[in-house]
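Student: I would like a close look at one strand residue and its surroundings. Please keep it brisk.

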Amino acid sequence: MPSLVKYENGIRVIDTERKTSLIADPTTIATAKKNTAAIITHAHTDHAIAFPNEGIKVYATKIASELFSTLTGKKSKNTFFMEYNKEIKIKEMNIEALPAGHLLGAAQILFKTEKKNILYTGDISFGKMKTVKEAKEPEEKIDILITEATVSYTHLRAHETSLHLVCRL
């Protein structure tokens, strides 16, 4: 399966043969609509723009969808729920949601292609928290890791630990 990964107002994974494209955390509705489906990693509004819109298939954890509705007062539409550690197929592409820590319902997304395993995570936390379990390393070998880098204060102990874990992946 020839695949292409690129940033296009979200992380876009494209199967060029089957004309399937999935976009994780799209930043605009127009971008989300150009894809087979949108995948939301968690309920924070900088990641969840695709939730309240009709005409876009959205995949997320049920908790992320409910939390988004509670935080914004907007109901998510056309949402299909993913469970942690369970592979699903969207058209011809397999994906799996993995715990990301960070926030209730947050997920890392593992895109499984014939040749590569691509792991995308929005915000992630490997530290112990009171409200959620920490992120777990995938069991599968990861060929490509894509993650946000909004915090780069390496003098903070928790971020040093996270940085070392990410580097190990």
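Not counting residues up to four places away in sequence, which residues does E87 touch?

Tutor: E87 touches N94, I95, E96 and K112, with residues up to four places away left out. Touching here is contact, meaning heavy atoms within 4.5 Å. First, the ground rules. This is a predicted model, in which local features need pLDDT of at least 70 and side-chain atom pairs count only at pLDDT 80 or more, while totals for chains, interfaces and linings use all residues. Residues are numbered from 1 along each chain as its sequence is written, and side-chain values use heavy atoms, without hydrogens or water.

Now the setting of E87. It lies in strand β7. Strands (E, at least two residues) and helices (H or I, at least four) are DSSP runs, numbered from the N terminus. Strand β7 covers residues 87-90 and has the highest mean pLDDT among the elements, 94. pLDDT is the predictor's confidence in each residue, from 0 to 100. At the other end is helix α3 (residues 157-168), with the lowest mean, 51. Where pLDDT is low, the predicted coordinates should not be read in detail. For the protein, the mean is 80, and 81% of residues reach 70 or more.

E87 has a relative accessible area of 42%, so it is partly exposed. The scale runs as follows: buried is under 20% relative accessible area, exposed is over 50%, and partly exposed is in between (1.4 Å probe, protein chains only). Of the protein's 169 residues, 46% count as buried. E87 and L98 are 11 residues apart along the chain, and 9.7 Å separates their C-alpha atoms.

Look next at the loops on either side of β7. N85 is in the loop between β6 (79-82) and β7, and its phi is near 65°. K91 is in the loop between β7 and β8, with phi near 55°. Both values are positive, in residues other than glycine. Most residues other than glycine have a negative phi.

I95 is among the residues with the most contacts inside the largest nonpolar core, which has 18 residues. Such a core is a set of buried Ala, Val, Leu, Ile, Met, Phe, Trp, Tyr and Cys residues joined through side-chain atoms within 4.5 Å. β8 (93-99) and β9 (107-112) are among the strands that each supply at least two residues of this core. A second, separate core of seven residues includes I23, I40, V58 and A60.

I109 is another of the residues with the most contacts inside the largest core. Beyond its neighbours within four places in sequence, I109 contacts I39, T41, M82, I95, E96, A97, I118, L119 and Y120.

K141 sits between β10 and β11 (144-147). K141 and I118 are 23 residues apart in sequence, with 9.3 Å from C-alpha to C-alpha. K141 counts as exposed because its relative accessibility is 62%.

The protein has three helices and 11 strands. From the N terminus on, they run β-β-β-α-β-β-α-β-β-β-β-β-β-α. Among contacts with a separation of 6 or more, 38% join residues 24 or more positions apart.
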